Structures are given as C-alpha cells and as structure tokens.
Amino acid sequence: MTVAARICRRVSPKGFAATAVCVTVLLCVYYTNYVGDVGRRGADRPQQERGPASRRADGFPGPLSRPAAGAGEYEACPRLAAAEADVNTAEVFKDFEFQPTWMKSKEYWDKTFEDRYERQKMDPERPPLKVIIVPHSHNDPGWLKTFEHYFHYTSRQIMNNMVAKLQQYKNLTFIWSEISFLNAWWEEAHPSKQRALRELVQSGRLEITTGGWVMTDEANVHLYAMVDQLIEGHQWVWTNLGVKPATGWSVDPFGHGSTVPYLLAASGLKGTVIQRIHYAWKQWLALKQYGDFRWVPGWSPADAASSAILTHNQPFDIYSIKHSCGPHPYICLNFDFRRVQGEYTEYSVKAQAITDKNLKEKAELLLEQYARTGSLFPHNTVLMPLGDDFRYNVKEEWDQQYTNYIRLIDYINAHKEQYKAEVAFGTPSMYFEEIVKRYGQYPTLKGDFFVYSDIFAEGRPAYWSGYYTTRPFMKLLDRELEHTLRGAEIVYTVALNNAKQNKLTSYSKILERDFEKLIKARRNLGLFQHHDAITGTSKSFVMRDYGLKLFEGIRDTMSIQQNALQSLVFPGASIMPDRTLVLSDVEREAYEKLPRKTPIQVGPIGANQTRKVVVYNSLATPQEHVVQLRVNTSNVKVTDGDGNDVVYQVNPVWDLSDGAKLWIAPDEYEVVFVAKLPELSVTSFSVVYSTSNADKLATVYCKRCQKKTAILNGENDVQPDVLKAEFNIKDIPPGDIQLENHKLKVLFNGYTGLMKTVTRKHDPKIVRCAVQFAAYRSAQFHSGAYLFMPDPNERDYEKDVLQQYKDQKTIMITTGPVSTELAVVYGPFLMHTVTIYLVENSTLAHGIAIENTVDFENPPKNRETELFMRIVSDLQNGEPPEFYSDLNGFDMQKRVKVERIGLEGNYFPITTMAYIQDAELRLSLLTNHAQGAASWQPGFLEYWLLIEDVARARSESSAQPRRFETSDDKGDVVRSFNAPTEPPPEPPKQESFTRPSLYANRLSNLLNYPANVFIVDAEHQPALNKTFKLINSPLPCDVHLVTLRTQPDAVYSQFPSASALMVLHRQGYDCSVSANFTCDQHKFDRDFAFEFATVKDIDVKSLTGIETLGALRSLGEAYVEPMALKTLNVTFGDYVVDFCDPRILRHCTRLSI
C-alpha cells in the first residue's frame, strides 16, 4: 500500500451529487511489469513445415481421454510447440481489405458470391440443401433492465410459453442458454411444468445450449469466473434435467476468444456456434467456405482431438431473423411473422402471413435466401436462427411463427425433388450431426476474433474496443469477489470436512448454514460474467444492481472465510453469535465505498500490549506477501509466530480531506512488512507495543514542505497540530531523482516526477522505461461504452492532460527499512506513486510498483477523453510493432499492428497480462482486472486507465469511477533457469509458442489472489497456533489450484456434500525467459494430501465435473499436461477413527469411514 492508498480525499459536492458511486470509491487495481531477458540461446528453431492438420474423418474431436492413474511425466521445463493449423488468425487478419467496395451497401454478397451460387446450382454432385431452423430467444440477464425485472416481466413468460407451445406443436424445437433465468423459473414452476420441461429436454426438442450460468463475455472475463459459471450451470442442468449440454451457443459477445471453445471441448461439448466477428472475417470465411472449422488451442496438446471443437460461424451480421435467413436483410424481413397489437416495427410492417395464394411465391423467395447461405459451406447445410432479443414473450408470436413457417416447410418438403431441398425445425446438435455426416475435412483454426467490428449500423467500421475498459471499478469489483470467493471455497471445503470428521458439531452447523451463502456468491459472480455486465454496457441503475450483488458476495465470502478459519484455529472455542474470533482487517460498508483497514488498538499495558493477526495464503505454492496493517500508535514492532523480529516499517497515513493540503494523520499509522507464507497456509504474526523503534519510522523527503507537521500543495499555511510520531522530514535536492535497492536503480525526472530509466545491477545496461500520461480525444457519438474511436477531426489524437495541473505539482519520497516510494501529485487529478522494496533475499526486491489515483473532477473538465498510461522503452518489437496479450488469463495471443484500421482497431483486451519483447528483453504488464492495451509504436506498451462512455445503445455517461487507482510492478528477470539440484540444462532453442515466464505467472497469481489478513480476538490469542497448512506439500511450480469447490448434496441441494471439485491448471511458462527465483517442486509429492481432512475417493472428471473419465488412488498420482485444466472429484470421508491423541491431528493414524 503506497502513499495514494493511505490518503483520504474529499471531492466537490457537485461531483458527489452527480455520481455518488464514482466519487466515493477508490479502486485498488494491481499491475506488474517486469523487464526480463529473453534468452535466445542457440539458433531459433525453424518453423515446422505445415501439412494438413490431423483430424478425424467426421470432423469431431475424439472421445475425452481417460487417463490412467499416474499417467504422464512432469518435466522441470516442459516444452510446447505451437499448434499447426490451416488458419492462423494473427497472420491472416493483417492482410484483409478493410475498406471494401461493398461497405456502403452493408452486404458483402457481390457478383463473386452470386456467380459461385449459380455454378453450384448446376453442379449435379452438390449435396441437396438442408435447412435447420432453430427457434430461439436471446435473454440478457441484465442490460436495459435488471435481471429480476427481465425475469418477472419477460423471461418467465417466455419459458412458460416455451413449455406450453412445445407440447402443443409436436414438431417444433427450441433452445435455451441462460441457466440463471432457467433456475429462477424452475424455483417458481409447478412440478408438472418442471416435469414437462425435463421431458422436452430429454427428448431433444428443447436443447440446453452451452449450459453456462450466463452467455459469458469473452474479452473481460478471467479464467476462474469463466470456469466457475460453466460448472455452476452444467451441474444445475445435470442435477435437475439429467442431461449434459452438447453444443455451445455464443451469439452476442462482442468478439470471440479461443478460451471458451477450449473450455467447451474440455467439458465434452461437440460443437459451438459463434456470431459477432469482424466484418472482414465474415467475408473471408464465406469466400473460402470456411464457415465451419475446428478451433484448436494455440499450442499442440498431447490429445489434440479432445482440445478442439467444431465451430460454426453464422455468416451474416447478427442473430436476428432480418440478418440470418440469407445475404439480403430486406428480403429476410418478409419472414419475421411476429405481429403484436401495439407494436410497430420494420418486420411487422413488412411481413405478410402465408396463405394459399402466396405460399409458392414466398417459399421460393425464402428458399433462394437459404440456398445462397448454403453456398457458403461445402456441405450445403444451413443453420437458420429464428428469433431475437426476448422474443416469444407472447403466445401470439409462437402461433404466428410456427403456423407460417410450417406451411412453408411442408410446401418445400412436398416438392423436395423439384427444389432439391429439405427444411425442418431443429437444434444446433442436429446441425452438427448433419454436417458431420455430409463432410469431414474441416479446416483447423487457431487464434481469436478480437477486435470485433461491424458495419451494419452505419455502413462504416465501428470497432468494439471501448468496452475493454468501460466502468473499470465494476471490473475490479468483479475480481475482488473472484478473489474472496476462491479463498472461501478452498478453506470452507477443508474446514467443513474437518468439522464433520472430528465431530465439531457446532462448527458443522454453522458451515452447513454458510453453504447457501456460498452458492449465492457463486451465482452472483457468474451473473456478472454476462456480456452486458462485466463489459460495463448496461444502464447505470442496472450496473448498480450488479454492484450490490457483487458486494453481497464479497461480504458473505469474507464471513465464510472467518467462520472456516475460526473452526480451524480455535476448534474447541465456544461459539458466540455476536462475537467473531477471527475478523478480517478490511471493512467495506457498501459497494460504492472505499474498503477501509480496521485500526488495531495497541497499548503499553493489558491485552492490547500484543495483538495477533493471521495471514491466509490461498495459493498452493509458497508466497511472499506485502502485509499492511493499520495501528493507533507508531510505538510497535512485528514478530513472527516464534517471537522472532520481522523487518518492518512504520509509514505516515496522509489526509487530503480539505482538498488543498496533504497532512499527516496524528493518530493512525501504517505498519508494512514482507511475510513469507507457506503453501495454502494460515500464518500468525504479532504486533507488539515497543518504544525502541525510532529506526523503523519512515523518512519523508518533500518539496514545499513544513518540516514538522504538514506537506503543502501550493500554499504556505501550516496545520498547527503536533504529531504523536516524529517522522523525519527533509528537502529533496534539485535535479533528477534516483531510487535504489540492492537489485535496481530507478531514475526519475526531477521536474515531472515520472520514471525515466531502470538499471539492473547484475547487468549495468540502462533500460529506458519512461512513463507518460496522456489521453485520446474521443470522436463524438462514435466512442463510448461499446466503441472506441479517436476524434478524426483533431490533428493530434493525444492530449496532454497534466499540463493544466503543472502549477499544482508536488513530489515527495517516503523511505524506510522495507520500501522506498516516490509520489507525485498533480493537483486533484492524479497521484502517481512508484515503490521499490528493500528487503534482502526477496523476489519483491526485483520489482517496481506503480500506483495511480485519478480524479476526473466535475464536468465538463476532462470529458471526451480516454486516459491512458504509456511505458516508452527502447525495445525493438518490430515494425509494424508486435505485442502479446492474454486471453482470459489462460493463453497468450500475438497482436500485430495494422495501420489501416487505426488506433481503435489495435487496442486489445487483457485480463492478466501483456508484453512486448525483442531479441534481448521482454517488458510485461500484469494486471488483476480487465482493460485495453496496445503497442501503437515500437517500444510502446500502453493501457487505458479510464474510457468515457457516450454512444451506441445508451445515451447516458458512465465515466466511472471518477477516482481510480491502479498499481504496477516492474521487475527484471535473470538470464538463466536452473533446477537447484541438477546441472544446467542444454540451452533450449527459442520456441514459436510464446508464454510468460514462471516468475510472471507467480506474480500474476499473487496479484489476483493476495493473502487475506485477519485480526485475532485479544482474549483468545494465547490459544493461537503459529502456523498451520491445509496441505502437506506444495503443488508443482507451474500448477495452480483454480478452485476446491464443495458440491451440493444430491438430494438436498441447499446442503453441502462430502465431495468437492478440485480444478487444477498447469500454467504454461517459457523457460527461455528466466525467473528471479528458483523452484524445485516439479511434480506432486507421492504422499500429497490434505492436512485437516481425509480423502476417501478421487475421480478424474470432465472440466465441469459431469463425466467420469477415470480414478486415482491418491492425489499424488495426479498429472496435468502443460497449459491444460484438469478436474478431480475429491470425496472426503464422513468421519475419522483416530488411533492416537485426536488433539494432535498431524500425528494420528486416521481411517476414513
């Protein structure tokens, strides 16, 4: 926690009244940058000659692999080759024509397509046309209205009609995707309706597509939440409907990444449908007849077939009927038969009911559109969506669509020999089954489909890159719930089974009661992954509703952590409903308010002379964590569980409540120390009253400074209060400023206070690493919640946002035994802090932390601008520049600048990481929230701090938050990676499949899942153990514990079972980019086990835990391939018989029953 995080500000009353949420929230967004050596040792490995990608003849992936126990060998430095594919999106995209001649017409269908269609009609070998009409209703779980409003007033009626009309029309089909809505309907539905729906699903006429809790966004969502909402949905479908989802349906996310297809394949799905991709991709895939392809991951897994999925791209703009039946929307409008009294739409005016008189004409007109669509595919099969947003909400539409279409279908099928065509209602599963029968040689594709751009709205490109950073506070709040939920899931599972097995009845009841809170938190997090929620593209009151749900989840999951930890720390303590023995040191009063640290009361006598805290590390590998505590006095010291002194530092807490001066608070202090935490552990530390700590008080250097009491910001008056702690305050000498520890030298411009260069002491080469702040001027009505576009009328896109505050600038430095930090304040607009750590033998000493606090002030100031921070380096990352961005924290994707599509087409989403590199160095940016990043010029790596909303589907502004905080770490990477007990390996050749370093992965996990601090009740401190672990050994260096998720009871779903899904991710890393630390845990220990609970059975499952693939005799036999996800169903024993003193749990022989 740097200077900015120790400040309390007051904003203008006008701004407070206008945007209360924005002005009362200070975001804590953490980034890490590191500059590392890319070891190009030896010649680069040449690219393998590409041949036809291997595939099954039917085009489907093979059955999910069923690994034997202990299959696979862990390697200290696993090597992965890039996947071979027929289409590499990064290479193909840059050669597109982005200003085609057909743009004004908004339709790519031209003479080339028409001529091919005419030729195919004459081809006797061409298979007959098969059309599968898929009725659907796209239900957003929040957008212009809240989830509950949509459900009660629209979606519930749709599902009631769905059940009734599918029973009435025996050959009608339908699909449903959003399990969040289906669950809400199910909880209210009569058992007869539940039974009817279950029978429709099991008959195949009603298909559950994807089966996720929501139709997730694919740009901003992190892997944890993406997997968790998929598990929640699939488990619900299996439990209540008895089916496994077979196909995906992702038609509304604004661009598509490769993570969701991988997850669907790992879950056992056989195909998926996508919709929103760049208009140039639409044309290219149609021209090549590549509309169906096998989407493969970027690397070459051992079982390639089970990692790929057959994917269908809808060839036209959007999933409405107008844009689905064929290439000509004005014709397709004739075949949307909804006509509801009081509605006046383009289709209700255009469409005419089918009669005997117009039947032949209409059937042939529709069939021409279907046939043209079929000509875009080698198999001549068409998937025709019949629906739109919230359609089929009235019974009349069901009757109108069915009766008109069934007449057309019956007529065409009665003349199938004449028309060489067949039409039927169906589902995506039926489509994939049909195309696999007809054709087998589907091309393979690797990469993704970002940035999405459409032209159908205005006849000119509109790049959907604005939502990568829209409403950054909500994106951060999402990740905060992800962090607290994951921590709660893991400790809850261990604590619950420990309480059951050891007959801790009182705790068992409390934890069983907490399970409903856990389920609700899962579902609140899942709901926010919706593609109009985490994107920030819903109405303001809808976003507030999401925020309240996220806040409720954060509050409940922290309460669950407290109860679970208390049961482990104090198993014999009496439980008092009004007293928590283990209390989180962070308090959040409301979702729109800044989380506050709870001050620990320390005094010279009594129970407060020593206060203990416990630090919970939810990561299954050892970690170093910077712990910040608030205390009421500076007379303290910190000791570990054995009473040994810990290196610590006492910092001032700053108060800027008057808006003009920065004062040192007289009665609150921050204690900072670096805690070395074992894997998945709870570690205790003591804060002890001590007056012998003058050398631990931070020294403050500042300009325009009152020596004893205050730091001034442009004025000369002095606050008269006398400080209780005498911090030493000195002047900053003129000239440039250098911060230094035993690893780094960091040089700053003495006038601007911004970083210029970094020098690594092991390699004295000076690396340019200059920080800049600027903003892009927004194009009015073309840049906002969804879209981004710089103002084309401005000669210079960039705006100097700091110039207007140069006279209000203040620079100060705070240093002590743990850290040194520099802060520069530009009036109320920006506080920028940079921190380096001084602790010896710490990997944190390799890093530089950067933190920004931004206040946009009241309108119209700083409006119509997109603020960004840029790092300017001397890395030569190509011309045009190349950089790499992560896909949902799962994989990395190469990005190449395409000058012709402007800046707006060259910003890409990042959720955890981005980097640039040349032959010698790599500069990486790690983040714990979603945003947009770009490398517009060689050596540049920039990311948005805030993007203001103005247009596209909403007229309101969501420049939120007005006050916004980020932080970055930057660290170097040493040249080599050596296993400490083995000789150095042969220098590897550079791999073409790019990945982060092991160090970067370790830092990313730490940033996303920092340790939680809890204050121990003073009366119970003597009974506290110093440290205990939840597992007996760490996971392998590159294996991350995604979650340990207690499953609901099979009969009473509101109660927990003894089983939990343990999801593991083996995070790929590049050994040629070496780490600042060594790790010798390269495989599971043979005796790997939980400490507090005994495991009875372990099954290997598909990703979402539905299909059983095998079994393990012990957790130590688990093997996860590089980059892969693996799910184990861990069943704990009901109770344990101990053959020794049950109070000494770790030294007992235990038998699970």
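# Exercises: aromatic rings and disulfides

Cys1071 has a relative accessibility of 6% and counts as buried. The structure is a predicted model. Work through the exercises in order.

## Exercise 1

Take the disulfide of Cys77 and Cys1071. Find out which parts of the chain the pair ties together.

**Solution**

Step 1. Check the bond. The sulfur atoms of Cys77 and Cys1071 are 1.7 Å apart. The cut-off for a disulfide is within 2.5 Å.

Step 2. Place each cysteine. Cys77 lies in the loop between strand E2 (29-37) and strand E3 (87-88). Cys1071 lies in the loop between strand E50 (1056-1066) and strand E51 (1095-1101).

Step 3. Compare the surroundings. Cys77 has 26% relative accessibility and counts as partly exposed. Buried means under 20%, and Cys1071, at 6%, is buried.

## Exercise 2

How many disulfides does a search of the whole structure find? Describe the link of Cys325 and Cys332, then that of Cys1037 and Cys1079.

**Solution**

Step 1. Count. The search finds three disulfides.

Step 2. Look at Cys325 and Cys332. Their sulfur atoms are 2.0 Å apart. The angle about the S-S bond is -95°, and the link is left-handed. Cys325 is buried, with a relative accessible area of 0%. Cys332 is buried too, with a value of 0%.

Step 3. Look at Cys1037 and Cys1079. Their sulfur atoms are 1.7 Å apart. The torsion about the S-S bond is about -95°, so this disulfide is left-handed.

Step 4. Cys1037 is in the loop between strand E48 (1027-1029) and strand E49 (1039-1048). Cys1079 is in the loop between E50 and E51. The pair links distant parts of the chain, 42 residues apart.

Step 5. Check burial. Cys1037 is buried at 7% relative accessibility. Cys1079 is buried at 10%.

## Exercise 3

Classify two ring pairs as stacked or edge-to-face: Trp102 with Tyr108, and Tyr150 with Phe390.

**Solution**

Step 1. Start with the total. The count comes to 58 aromatic pairs.

Step 2. Take Trp102 and Tyr108. The ring centres are 6.2 Å apart. The planes stand at 75°, so the pair is edge-to-face. The cut-off for this class is over 60 degrees. Trp102 is buried, with a relative accessible area of 7%. Tyr108 is buried, also with 7%.

Step 3. Take Tyr150 and Phe390. The ring centres are 4.3 Å apart. The planes are at 20°, so the pair is stacked. Stacked planes are under 30 degrees apart.

Step 4. Tyr150 lies in helix H5 (residues 147-168). Phe390 lies in the loop between strand E11 (381-389) and helix H15 (395-414). The pair therefore ties together parts that are 240 residues apart in sequence. Both Tyr150 and Phe390 are buried.

## Exercise 4

Which charged ends sit over the rings of Tyr751 and Tyr915? Then list the members of the aromatic cluster that contains Phe449.

**Solution**

Step 1. Go to Tyr751. The charged end of Lys809 sits over this ring, 3.4 Å from its centre.

Step 2. Go to Tyr915. The charged end of Arg922 sits over this ring, 3.9 Å from its centre.

Step 3. List the cluster. Phe93, Phe96, Phe98, Trp281, Trp284, Tyr290, Phe293, Trp295 and Phe449 form one aromatic cluster.

Technical notes: Residues are numbered from 1 along each chain as its sequence is written. This is a predicted model: local features need pLDDT of at least 70, side-chain atom pairs count only at pLDDT 80 or more; totals for chains, interfaces and linings use all residues. Side-chain values use heavy atoms; hydrogens and water are left out. Rings of Phe, Tyr and Trp (its six-membered ring) pair if their centres lie within 6.5 Å; planes under 30 degrees apart count as stacked, over 60 as edge-to-face and the rest as tilted. Buried means under 20% relative accessible area, exposed over 50%, partly exposed in between (1.4 Å probe, protein chains only). Helices (H or I, at least four residues) and strands (E, at least two) are DSSP runs, numbered from the N terminus. A charge sits over a ring if NZ of Lys or CZ of Arg is within 6 Å of the ring centre and within 35 degrees of the ring normal.
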